[in-house]
Structures are given as structure tokens and as C-alpha cells.
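Reader: I want to learn how to read a few features in a model. Please take them one at a time.

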Amino acid sequence: MVFFNFLKEFLTLLKIQLTVFTITLIFDILMAVIGMKIKRKLRKIPRVTLLFILVIVSGSASCIEDSSGKEVYINLEGDITFFKQDVLVLVNDNNRLSNDYAVHLVKFNGYMVASILVDDLTKMYNEAYSEGINLTINNAYRDQDEQKEILDARVSSYVSQGYSKDEALRESLKIVAAPGYSEHETGLAIDFSSLDPEENRAMWAWLNNNAYKYGFIRRYPPDKVSITGISYEAWHYRYVGREVAKIIYENDICFEEYFLLGG
């Protein structure tokens, strides 16, 4: 078990996405360098079984341990090759996301996010978990078609309550961005929430005090509605990188104010 635990940590650390060929090569190298005692034990295990174990410990699941030895499993799918992305793109009612905006997506715990934020997001998950907070994502990247569906559903809800279509659209846009004007289309915005109100309060309080350390900002603060144009959202966080997030947090400003101040 010690041997396999070491192998698991080693492969996870390097974040290697192994092909069957690479796994086979590693197996052969290990068989050549490990001690004879372990080698004899391994030879009793079918080769196919060993290869399967290597796939499991080195696949898309990242294992994080906190100080107590507990493990957080983060399911990560996709190529994490570095992709240069503009993390400071401003998207709001007055700034439409350009049609040629490029984002490289990977799947993090079942949700698509920009690959550029995965390292910081993983570290934030780890730190929160070590402090007894389980960060729960309920929304991340969505394309313009999905954004339109959400807006249309909100408008329909208001219409069913007696609003005219124009009134319904006006009220809906205070809560839901129009297609092309949503940060979720960048892959840099994440909504954190669960079905448990108490868990949400603890999670949002932790994020409010700590997310900036990992490059995330609370995008729509309660005292900035007149500037952002969006109602307060305790769950909505936006990745801007650690340096800018620290500036925004320490100066108690929103993203729009960061640009107004010459950011």
C-alpha cells in the first residue's frame, strides 16, 4: 500500500494525463528499478490489473489532503495545457463579450470552467475544506444559447405574474444578463451554492473573506448595485487573478471601479 500511495501522490503531483502506452512504459521502468522483494509481489498480480490501478490513480481525479489527512476528490476532465486568456475582460450591460473572445474549457467537478483558473480554484477548494467548508458549484460556464434560455424563462415568470412583456424583460435584466453580456460566457465566473441555507451562509462568508487570495472576487457586492447594475449575489464569483483580486478586496471596490480608477 505504501508503494501505491507513493505512486499515486507522484503521478497526481505531476498532473500527468497518461495514455495506455505511457502507463505501460512506466510499469516497465518501475519493474526495472524497484527492489526484488516488491517485484516478486507485483509479479503475482496480473499485469492488466496493475495497469488498471495506474489508470485509476493517475486519471482525471485529483486527490487533495488537508492537515488531518482527509481527502478531497476533485474530478478534472480535459487538457490543462496553459492557455493565455484575458482574465480582466469586463463584461456587463455596457460591455458585450466580443465574438472572437477565446476560452479554453475543462470540466471541474462536473462544470465547465476556463482552464486558466483551475490551479487557483483547486487550491481554494483545498484551503476551504481544511477549514471545514465544502465549496459547492451550481453554475459555471454557459454559452449564449443557455443564457438566452435562462433569460426567457425569467421573463416568462414575470409575465405569468401580470407584468407586461417589456416590464418583465426590464425586471429580468436586473437579475439575468442578456446573451453576450454574461460573465458566465467567459468561463471565469462561478456560482457557489448548495441546497442547505446554513451551508450557503458559511460558504459565502468564507468566500467573501478568502476568495481574493486565490484570484476570485465577489462580483456583485450589496453596496455596488448602482455601479454594477446587478442585484447583490453572494454566490457569484469572478476570476481576475490574484494581483487584481487583492487590489479590489483591499480597496473595497467592484470590478467596474477598478477600471474607473485606471486599473
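Author: Start with two definitions. A polar contact is a pair of N or O atoms within 3.5 Å; within protein, one must be able to donate a hydrogen and the other to accept it, and residues adjacent in sequence count only if both atoms are side-chain atoms. Helices (H or I, at least four residues) and strands (E, at least two) are DSSP runs, numbered from the N terminus. This is a predicted model: local features need pLDDT of at least 70, side-chain atom pairs count only at pLDDT 80 or more, and totals for chains, interfaces and linings use all residues. Residues are numbered from 1 along each chain as its sequence is written, and side-chain values use heavy atoms, with hydrogens and water left out.

Reader: Which side-chain oxygen reaches the backbone nitrogen of D145 at the start of α6?

Author: That oxygen belongs to D143, and it comes to within 3.2 Å of the nitrogen. Beyond the other end, just after α6, G162 has a positive phi of about 105°.

Reader: What span should helix α6 have, and what is the distance between its end C-alpha atoms?

Author: The expected span is 1.5 Å times one less than the number of residues. Helix α6 covers residues 144–160, 17 residues, so it should span 24 Å. Its end C-alpha atoms are 24 Å apart, which agrees.

Reader: Which residues of α6 are buried?

Author: First the cut-offs. Buried means under 20% relative accessible area, exposed over 50%, and partly exposed in between (1.4 Å probe, protein chains only). In α6, the buried residues are Q147, L151, V155 and Y158. They sit on the same side of α6, because they cover an arc of only 70° around the axis. That arc is taken from the directions from the helix axis to the C-beta atoms. The face turned away carries the exposed residues D145, E149 and S160. Contact means heavy atoms within 4.5 Å. Among what covers the buried residues of α6 is α7 (165–172).

Reader: How many salt bridges does the structure hold?

Author: The general idea comes first. Side chains of opposite charge can pair when their charged atoms come close. A salt bridge is a side-chain nitrogen of Lys or Arg within 4 Å of a carboxyl oxygen of Asp or Glu. The structure holds nine. One of them joins D152 and K148 at 2.8 Å, N to O. These two are four residues apart in helix α6, so about one helical turn separates them. D152 is partly exposed at 34% relative accessibility. K148 is partly exposed too, at 45%.

Reader: Where in the chain are R238 and E183, which meet in a salt bridge?

Author: R238 lies in strand β8, and E183 in the loop between α7 and β6, 55 residues apart. Their N to O distance is 2.7 Å. Both are buried. A network of salt bridges links E183, R219, R238 and E256. Another pair is K224 and E257, at 3.0 Å, N to O. K224 is in the loop between β7 and α9 (225–228), E257 in helix α11 (residues 255–260), 33 residues apart. Both K224 and E257 are buried.

Reader: Which strands pair with β8?

Author: Two strands pair if DSSP finds at least two bridges between them. Strand β6 (residues 189–192) runs antiparallel to β8, joined by three bridges. There, A189 has R238 as its bridge partner. Strand β7 (residues 216–220) also pairs with β8 in the antiparallel sense, over four bridges. F216 stands opposite Y239.

Reader: Why is β8 described as largely enclosed?

Author: Strand β8 covers residues 233–239. Six of its seven residues are buried, so the rest of the structure largely encloses it.
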